[in-house]
Amino acid sequence: MPAPVTARPAGLRPRLLNVNPTDQVLEIGYGPGVAISALVRAGAGHVYGVDHSAVMRRQAAKRNRDAIRADRVTLVEAPVDQLPATLDGPFDAILAVDSLGLWPDAAEQLAALRTRLASGGRIAIVSQLRTEILPLNPPVVCVLGS
Ligand SMILES: C[S@@+](CC[C@H](N)C(=O)[O-])C[C@H]1O[C@@H](n2cnc3c(N)ncnc32)[C@H](O)[C@@H]1O
């Protein structure tokens with residue numbers, strides 16, 4: 001069984017990502033492209049990213065400019081529930097860092113992503129705990145996580 005893809009949201013630890021030079025990797029909700037950059041440094045063959053935000057695409061493109069030029073990174077702007085055919089895969093690893101909680105019908109998207117996995121491929125979902133203070137009297141602190 002292949003080793004799992006693991007990552008930490010803050011400053012992902014590339015040595016734990018277990019990617020190799022033949023791996024095709026997809027990140028959903030890449031944001032400013034920090035994990036994409038870590039995956040490239042960790043030696044992934046090609047990293048595809050999809051995010052529905054044009055602002056995030058610009059930031060991620062800037063951060064990963066050299067890898068895009070070297071044809072090791074492809075950034076796509078699209079919502080997770082409308083992935084273009086260029087992201088049909090198959091992917092050896094699919095990663096989502098702090099984005100699954102924002103997807104419409106996450107279970108349905110995960111099932112669709114599973115069909116894009118190569119044989120033996122793996123999906124890693126990373127979510128940080130976060131806190132929110134509800135403006136009640138007295139204030140209520142919620143700790144959210146999964
Ligand atoms: C909290 S940010 C995390 C960004 C990045 N993964 C990180 O850890 O730095 C969530 C990202 O998911 C993206 N996102 C949220 N809902 C999405 C959807 N339905 N389809 C595609 N991307 C989505 C947002 O645009 C945002 O860039």
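Residues are numbered from 1 along each chain as its sequence is written. Because the model is predicted, local features need pLDDT of at least 70 and side-chain atom pairs count only at pLDDT 80 or more, whereas totals for chains, interfaces and linings use all residues.

Helices (H or I, at least four residues) and strands (E, at least two) are DSSP runs, numbered from the N terminus, and two strands are taken to pair if DSSP finds at least two bridges between them. On this basis, 5 strands form an open sheet with parallel pairing, in the order β3-β2-β1-β4-β5. Its edges are β3 (73-77) and β5 (117-126), each of which pairs on one side only. From one strand to the next, the twist averages 15°, where axes are lines fitted to C-alpha atoms (for helices over the stretch in contact) and angles run from 0 to 180 degrees between N-to-C directions. Strands β1 (residues 24-28) and β2 (residues 46-51) run parallel and are joined by 5 bridges; within this pair, Gln24 stands opposite His46 of β2.

Helix α1 (residues 34-41) packs on the sheet, where β1, β2, β3 and β4 (91-97) are touched, and its direction makes about 175° with that of β2. Contact here requires that the C-beta atoms of two residues, placed from the backbone, lie within 7 Å. A residue is classed as buried if 20 or more other C-beta atoms lie within 10 Å of its own, exposed if 12 or fewer, and partly exposed in between, with C-beta atoms again placed from the backbone. Helix α1 is largely enclosed by the rest of the structure because 6 of its 8 residues are buried, namely Ala35, Ile36, Ser37, Ala38, Leu39 and Val40. These buried residues pack against β1, β2, α2 (54-63), α3 (65-69), β3 and β4. Just after α1, Gly43 takes a positive phi of about 100°.

Glu77 is placed in strand β3 and counts as partly exposed because it has 16 C-beta neighbours inside 10 Å. Residues up to four places away in sequence aside, Glu77 touches Asp51, His52, Ala54 and Arg57. Glu77 and Gly29 are 48 residues apart in sequence, with a C-alpha to C-alpha separation of 9.5 Å. Leu110, in helix α4 (residues 106-114), is partly exposed, with 17 other C-beta atoms within 10 Å. The C-alpha atoms of Leu110 and Ile123 are separated by 8.8 Å, the two residues being 13 apart along the chain.

Most residues other than glycine have a negative phi, and most peptide bonds are trans. The peptide bond from Gly89 to Pro90 is cis, with omega near 5°, and Pro90 is found in the loop between β3 and β4. In the loop between β4 and α4, Asp98 has a positive phi of about 55° although it is not a glycine. Asp98 counts as partly exposed, with 16 C-beta neighbours inside 10 Å. Asp105 lies in the loop between β4 and α4 and has a positive phi of about 45°; with 11 C-beta neighbours inside 10 Å, Asp105 counts as exposed.
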